[in-house]
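Here are some notes to read alongside the model. Keep the 3D view open and follow the points in order.

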Amino acid sequence: KRQYDDIFVKLQLGRGLSNSSGTSKCISIIVHHFLKELPAELVCSHASYILQLIESANDISLNQYLNYRLFGLKLSERKPQVDYVDSVLGKVFQVITQYSRLDEYVKVVDAFLDIVLQYNMDNYLTIILDGISIRAQSKEITENELSSLQSIIVKLLAHFNLVEEVLALSHFAEILHVMYGSSRDVVNMHILDKATRNGYICDPTTIQMLFEISQALHDCLDVFSVKDDHHEQQAHLISRFVQLVDYGAEMEHHLTFLVECRGAFGRTSELKEVLVRSSNNLVMKAVKDANNVVDFVKSCIAFNAVTIPSIVSTTKRMNLYLETIEVALLGGLVCHADGLIHSAIDCLQSVDQSEGLILQNDSNGVLSWIRKLCSLLVIIPGNPEQGVAYYPRSILALIESQSWITPQLRLRVFCAILSLSATLSQNKLPYHAYNTEVVGNDQLFYGDASYHQELEALCSSVLTKVIDSVLQEPHKVIRGNLALEACSYILSAYKASSEISTICSKLIEIAKSCLNVNDKYMRNTVRYMDKQLSSILGDATTVVVST
């Protein structure tokens, strides 16, 4: 401290920190550089004296506002004593309120804003926002001014707990409106980030303002530019906002909001997925909480049927189709579920060779879609005009027409169709739709002989295809394992019969020609087949099959 006292005297800045009364007129640029090197703790403990130095240093060597700005930054580094904070700020604001230029004004108030927020000095915050609003009117904001405005708003967002508190501040919307470019994008992202941290967004005014902010952010996205982390973060924040909107019991209003979002954010593929899932959530909420919601459920399903095809990713489209089929059944809309199944099959049908090769690497994903479709077909009533086997045969036609489908995948789809056929053949289905208005096939076709004949014909057709599919596998060991897998699947799905015995015997012969005689998988499969067939067909058949 004594060293700084000496420097004060030598630089003719006064009588030193220990005797800070009666300062002399100083040169602005010298005060600035000395203040820059002065420790923050000394600035805080002698704030009144430093302020006198700055007030006396008003010449052409350096603009005085830069010293006020530096003074504010130094004070913000340490927590100044509360007893003189108000006095210091009062003197500072007496000076800066005389500034006519926005650039000078925002740079100084930005430096003091941390202290204003730290001590909850709402009166000074009001002065700051009023001052910005007045000076920003009818002028184009410069880059320097944008940088300071960005800093001010980010500090406000960090200080308040809820985004609604920030949006409700005096002149906040006006200040945000005059911003543009990257600074506006940064501020918008901070606002959305703040808004999506504290649960659902229910206030209509807040929703509308955040919607406009999201729209401004979305309009800056260039669909033709290379996607980077910044663009992905923007898209994620918009999607997260839409996901958290909740109009409560006003579900019609919520659906209207989703429609507006689809029109406003059409270039964001991630958002479309969120829109469909939000619509499905509305259906589930409506079915659970309200009565006579059929028309509303139809509107939601129609919204999804229009939105899903515009999603680029086949994987996302398929997942959303399957999810929406379930939701349609929950609402009792069988016809809509039928249409969505058509769309899901067409979605896979439209896969070209290049995309097929990509899906080929995720064959388990494709198989899970087919299996999910089959599980839904258990509860969807068969169409009397098209027949109960219409959709299974459509899936078969799809699988056989696609060149990218591997023999392993094709075989497993055949097994899924066999499982579906066996399930539908039962007199009582293992499960039904949650909505009692969706009548199961076991009730719809009860006692109908043609129903079971159609399923038997489907089963016989697929069993023949199973053998051919196994033989198409070029790798010998894989071919043997596929034969055993198919045999186990058939035995677990169907009661023993001469036809089942013949098919399984052929599959075992294929496995024996491809695998070692001591292969554990093969021996266990043969043992399992003997057990299944012997209980119905007798030991004679078992001996023949085992050999």
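1. First, a term: a residue is buried when its relative accessible area is under 20%, exposed when over 50%, and partly exposed in between (1.4 Å probe, protein chains only). By that rule C347 is buried, because its relative accessible area is 4%. C374 counts as buried too, at 6% relative accessibility. Across the 547 residues of the protein chain, 49% count as buried.

2. A word on the source. This is a predicted model, where local features need pLDDT of at least 70, side-chain atom pairs count only at pLDDT 80 or more, and totals for chains, interfaces and linings use all residues. Numbering runs from 1 along each chain as its sequence is written, and side-chain values use heavy atoms, leaving out hydrogens and water.

3. How many disulfides (cysteine sulfur pairs within 2.5 Å) does a search of the whole structure find? It finds 0.

4. The protein chain has 29 helices and 0 strands. These are DSSP runs numbered from the N terminus: H or I of at least four residues for helices, E of at least two for strands.

5. Now look at α15 (residues 251-264) and α17 (residues 294-307): their axes come within 11 Å and cross at roughly 10°. So α15 is roughly parallel to α17, a label for angles under 35 degrees. The axes are lines fitted to C-alpha atoms over the stretch in contact, with angles from 0 to 180 degrees between N-to-C directions.

6. Contact means heavy atoms within 4.5 Å. Residues making this one include L255 and L258 of α15, and F296 and F303 of α17.

Notes:
A disulfide is a pair of cysteine sulfur atoms within 2.5 Å. Angles under 35 degrees count as roughly parallel, over 145 as roughly antiparallel, 65 to 115 as roughly perpendicular and the rest as oblique.
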